[in-house]
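Please consult the sequence and the structure alongside the text.

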Amino acid sequence: MTYFITQSLNGLFSAALLFLIASGLTLTFGVMRIVNIAHGSFYMLGVYVAYSVITRTGSLLLATAVAVVVVGAVGFVMQRLFLRRFASQPLAQMMMTMGCALFFRDAALMIWGGDPFTLAYPAALRGSLEAGEIVFPWYRLFVIAVAALVGVGLWILNDHTLVGARLRATVDDPEMAAATGINVALLSGCVFAAGAGLAALGGVMGGPIIGGYAGMDVDLLPLAFVVVIVGGMGSLKGALVGAVAVGMIDNFGKALVPELSYFTLFAPMVIVLAIKPTGLYGRA
Amino acid sequence: MSARREGPALLILGAILIVGPPFLSSYWVGLLTQMVILAILAMSLDILLGYTGLPSLGHAAVFGVAAYAVAVLSTRYQAGFWTTVACGILAGTLLSAAVGLIVSHVRDVYFLMITLAWGMVLWGLSYRWIPVTGGDNGISGIPRLEAHAGLPMTGPIPFYYVTLLVFAACAILMALLVRSPFGLTLRGIRDNEARMKSLGFNTWLHCYLSYVLAGAFASVSGVVWAYYNGFVSPTYLDLTASSELFLMVTLGGPATLVGPVLGAGAIVLLKNVISAYTARWLLILGVVYIITILAAPQGLWNLGRRRSG
């Protein structure tokens, strides 16, 4: 039972990271219909930027802020320069993001080198929660809380603010939204930047445990995609449900049959697609 | 199709491929062999991407599985040549047949994401399933094709001509395929699936068969590649491999079989030339990607004419 609870908490931690990353991916897809191959790169850049800040200042908080802003800005520029001109050409956009992903990957290797590292734990969050036989690190609980806060924040933003209403209008019908005076181009740029920022946040939050290493971008990408496919592309609720499902399955899969860890992810995706091709909460 | 332009270009291309090698150094023969093998793979992706409109990002995985099948059978089980080749092609094809059952239901970005995800699953297997695949080290010691097949001659040039023969057979088969009524139906589905459905075509079955056939040709390419390199490793299946492949087709020109051949040649050449000077191949590849999409989104072969076929 203790084993089960510990593994569930670990699964929830993975789910929290996945939700941070996948929510950005699903937002981008919902508004722009872009399959963003570079999303894993944003996650990677987040950790690397944070690493640079943290080795100089030692503050995880500052590192998080800088990473989110810098990567968000990179996303904004990328959308403005390279993606906007290919609106409604999903394949060209996808290839553009792929070109950028390859570029970011090698650029990161060039700037930061290929040595793996982990970020330092923040001093306040060292140690573990001990309740009976269950021992669980505070930091992991903190990440779960951060993801929950971000989730609530996104939900309020999306469902209860004017910006959210504009966003939803753009998701439903970009042309009509533009006709009512919504600046769709600017909104798209901001959503893309926010998605990149969220991925970077996920990267930094996972930093003390997963850290940074060459190839982390492509390690993560399929996980984020599976989350979004299972949950339904463009749906925040779907990203949440998908993240929890994938986090749990991946965690228990790795613990029980380590060789087939990737395979255990494929099964739920296949089942969901067979029953509902647009994902649990997706719309056709 | 622009048969008038394709004819002479094909003749020149064919002549270079047939006559060239004996006059070239072994380095260039090696490069040419790589180009020809990957051209088969690029053409097979073109059937999916260009002709059927199904953007597969997991195509390198099929290629990799076939290569792994060759490696495992020839080194661990000392299987004979024909058994190895047949099992290699079967492995990739059957896998495509199984996966195709799922992916043929979806289109566009969904197809892309699902093929990417399952390609990564296979990559993960090749990387983590160490008892069978050797993990990161891969499997080495695949016998030379000439020796394994019992050919009287050995060396890069005989190997090249064997490869060229396989390439020619595959190219002819694929050219017949895309010009057949079946191929025309695929293009119809690409352009307007709803209409094809209402005309009574079973579009699911057409997409499925397209996926399986593309997988079969990719497997052939994987088998030859395993023999060419003498070893297999997870890099055959990774996202970079699939991206390079995707670029070969897009750079050359989707929905033309000649385009991907040129694309494969260009990428292999670029990769080898650049690798001689710098380790920044991925950076360059990314830039080539971006330039291609900006400057020649329909591919080099389609430059200067409106898209047809």
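Against which helices do the buried residues of helix 11 of chain A pack? They pack against helix 9 (216–231) and helix 10 (236–256) of chain A, together with helix 5 (108–128) of chain B.

This is a predicted model, in which local features need pLDDT of at least 70, side-chain atom pairs count only at pLDDT 80 or more, and totals for chains, interfaces and linings use all residues. Residues are numbered from 1 along each chain as its sequence is written, while chains are lettered from A and ligands numbered from 1 in the order in which they are written.

Helices are DSSP runs (H or I, at least four residues), numbered from the N terminus. The expected span is 1.5 Å times one less than the number of residues.

| Helix | Residues | Span, first to last C-alpha | Expected span |
|---|---|---|---|
| Helix 3, chain B | 59–76 (18 residues) | 26 Å | 26 Å |
| Helix 11, chain A | 263–275 (13 residues) | 19 Å | 18 Å |

The buried residues of helix 11 of chain A are L265(A), F266(A), M269(A) and V272(A) (buried: 20 or more other C-beta atoms within 10 Å of its own; exposed: 12 or fewer). They cover an arc of only 130 degrees around the axis, which puts them on the same side of helix 11 of chain A; the arc is that of the directions from the helix axis to the C-beta atoms. On the other side, I271(A), A274(A) and I275(A) are exposed.

In helix 3 of chain B, 16 of the 18 residues are buried, so this helix is largely enclosed by the rest of the structure.

Between the chains, 34 residues of chain A are in contact with 32 residues of chain B (contact: C-beta atoms, placed from the backbone, within 7 Å). Helix 4 of chain A supplies the largest share of the side of chain A that touches chain B, 15 residues.

Methods: Helices (H or I, at least four residues) and strands (E, at least two) are DSSP runs, numbered from the N terminus. Two residues are in contact if their C-beta atoms, placed from the backbone, lie within 7 Å.
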